[in-house]
Amino acid sequence: MHVVVCVKQIPDPAAPASLEPDHTLDRSGKLIMDDSDSYGVEMALQLAGNVEGSEVTLVSMAPGGETSGLRTALAMGAAKAILVSDEALAGSDALSTAKVLAAAIRRAEPDLVVAATESTDGYTGTLPVQIAELLGMPSVTFAKRVSTDGTTVKVERQTESGYDDVECPLPAVVTVTAGVVEPRYPSFKGIMAAKSKPIDVLGAGDLGFDAAQVGAAGARQEIVDVADAEARGGGEIVVDEGDGAQRIVAFLEQLKVI
Amino acid sequence: MLAEAAGQGLTPLTLELLTEARALAPTVEAVAWGAETASTAVTLGEYGASRVYDVGDLGGALPGAAVAAAIAGLVESGERPDAVLLPASYDGRDVAGRLSARLDRPVLTNVTGLAEHDGALLTEHPVFGGTQIAHARFTADGPGIYVVRAKSFAAEPSGGGPAEVVAVPAGDVGRTGAATIVERHVEAATGPKLDEAAVVVSGGRGLGAPEHYALVEELAGLLHGAAGASRAIVDAGWVPYSHQVGQTGKTVKPTLYVACGISGATQHLVGMKGSKHIVAVNKDREAPIFSVADLGIVGDVHKVLPALIEALRSRS
Ligand SMILES: Cc1cc2nc3c(=O)[nH]c(=O)nc-3n(C[C@H](O)[C@H](O)[C@H](O)COP(=O)(O)OP(=O)(O)OC[C@H]3O[C@@H](n4cnc5c(N)ncnc54)[C@H](O)[C@@H]3O)c2cc1C
Ligand SMILES: Nc1ncnc2c1ncn2[C@@H]1O[C@H](COP(=O)(O)O)[C@@H](O)[C@H]1O
């Protein structure tokens, strides 16, 4: 079974985020693997481990030939990676990104594509489904438990009121939510091995896209402005001196909640 | 707009979308699926839909592919909506993604506001935990596809008559529709629903251990509210996902929100910042949750909550 995992490389969310003049996220610094995708990588490695002769390939689109996030995932145990990186792709909207990723994934001829339900920085949450439609594959989103025998995938899918057992023939796209598995820490051996694992770097042209179709030139949505939201503020913050509960009771009385 | 059924009725978000669609356009039509469309036509009409396109019973298939194909079919056959509004729900997002790829139109997601500006629809999106609002728009030909978050608009009936039901076939979606539900599991729920309750009491990692979540549940019970959670303790398996408040969880707008041992990460704030009143208990004076609190208690949840529960019990 060949499993492809989407790995988004993003600016470190712990660092303060800044916006470019065109209101897009500043991605010029070092990028790391989106934490959301560490669950997908772990899930893919576990699923591949259960079906003999399986392999895990990573797919990412990122600026500047960035590979540090991919190296992290390779160190966890993935075999190889495809990176699409091209200046012409800067400023792509989500659908264009989906088209590019779909083209890269199609080359890998996967049985199963794993992505995260939503990314930490973009959180459109629609990209994996767009990819599925472009590849003509079925999809199961919001998976909280996944198993496969290499022909069918069985998923517990979150719902408003609980979960559904869903079955789907492969090839298919599955998106996993955070916390579904415990991502492994790369071992020292894994980190060393990752250095020599192959990363195939492709440009937009290699996948048959021309610059006018993708990137900022092809984007069909724009952010007009970013403004401060109405601040809430003005609250009363008090240190509990044993009277904290009483203060809350008084506040609830004032609100007539009690 | 896409109408989503829940049991015998429609989801609250569906009614919110109908109300907003009505404010934006003279004609609102809905697309629905499932076995119950005929019975929901009355409610759809009451909230302003003149017509409902019924994709029919999908026999357990996840609806994304079939419903997107049906909507794409309508658009291609000359029905030219200016905007397609979809709920930010599990199935709504699936339909949006597939529709976007089919129509070759991008999607604007996480929409919390819509307004017409110079003939174009301008969307509102909370960014950085809702401390800032981004406005966006489509720059190419329509229809625009918008995925709208719950609680962005208040639902109000318009008093219209039943919507006309028109069957639309999904057509053959081939392999794309092959994911099928084989069994549904519904978690037993007691008390009011999280996204409808007037009071929500949520707990986070600051509770220290799973068994301490009982404090949150007890307090919620005493206030006739619902118990919520941060993602940290959902991921840790302390409470089911259905309790999660925030970007990936539920959006709540209760009269009162009580956050216990929750730091107030941007992804949490975006799901509860719209609450009328917010009380926070956290031992860290610098926790971001205090920036949105009307009353903040800098203290230990293990002292404050038991004392609060005791005080409320002795009153009832
Ligand atoms: C794509 C994405 C989506 C996300 N979606 C969501 C979402 O929907 N909802 C969500 O909640 N999060 C979401 N998150 C996660 C979010 O970023 C935070 O990690 C999470 O909200 C933190 O939960 P917490 O506040 O319980 O834990 P922490 O951040 O660890 O905070 C615990 C708090 O408890 C306080 N504390 C500790 N001990 C005590 C004590 N004895 N008494 C009082 N206070 C105490 C600490 O001071 C601290 O402030 C998302 C993240 C990503 C990347
Ligand atoms: N540039 C990218 N490279 C690789 N995977 C991506 C990229 N963008 C999005 N994805 C995948 O799609 C998921 C959903 O992204 P989003 O639609 O931005 O919420 C992410 O969590 C990733 O798994």
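Start at B:Asp104, in the loop between H4 and strand S6 (107–111) of chain B. This is a predicted model. Check the backbone there: phi of B:Asp104 is near 55 degrees, a positive value in a residue other than glycine.

**Confidence**

Colour chain B by pLDDT. Its average is 93, and 99% of the residues score at least 70. For the complex, the predictor gives an ipTM of 0.92 and a pTM of 0.92.

**The interface**

Now select the residues of chain B in contact with chain A. There are 81 of them, facing 73 residues of chain A. The area buried between the two chains is about 7,000 Å², with carbon and sulfur atoms giving 56%.

Between chain B and chain A, 37 residue pairs are in polar contact, both residues at pLDDT 80 or more. Highlight helix H4 (residues 90–103) of chain B. H4 supplies 10 residues, the largest share of the side of chain B that touches chain A. Colour that side by residue class: 39 residues are nonpolar, 22 polar and 20 charged.

**Salt bridges**

How many salt bridges does the rule find across the interface of chain B and chain A? It finds 11. Over all chains the count comes to 22.

Zoom to A:Arg157 and B:Asp91. They form a salt bridge, and their closest N and O atoms are 3.0 Å apart. A:Arg157 sits in strand S8 (residues 152–158) of chain A and B:Asp91 in helix H4 of chain B, so this pair joins two chains.

Then pick A:Glu160 and B:Lys250. Their side chains meet in a salt bridge at 3.7 Å, N to O.

**Strands across the chains**

Switch to cartoon. Select strand S9 (residues 162–169) of chain A and strand S12 (residues 180–186) of chain B. These two strands pair in the antiparallel sense over six bridges.

**Two cis peptide bonds**

Go on to A:Pro171, in the loop between S9 and strand S10 (172–176) of chain A. The peptide bond from A:Leu170 to A:Pro171 is cis, with omega near 0 degrees.

Finish in chain B. Select B:Pro143, in the loop between strand S9 (132–138) and strand S10 (144–148) of that chain. Here the bond from B:Gly142 to B:Pro143 is cis, with omega near -5 degrees.

Key:
Residues numbered from 1 in each chain as written. Chains lettered and ligands numbered in written order. Heavy atoms only, no water. Contact = heavy atoms within 4.5 Å. Buried area = accessible area lost by both parts, 1.4 Å probe. Salt bridge = Lys/Arg side-chain N within 4 Å of Asp/Glu carboxyl O. Polar contact = N/O pair within 3.5 Å; in protein donor to acceptor, adjacent residues only side chain to side chain. Helix = DSSP H or I, 4+ residues; strand = E, 2+ residues; numbered from the N terminus. Nonpolar A, V, L, I, M, F, W, Y, C, P; charged D, E, K, R; others polar. Pairing = 2+ DSSP bridges. pLDDT = per-residue confidence, 0-100.
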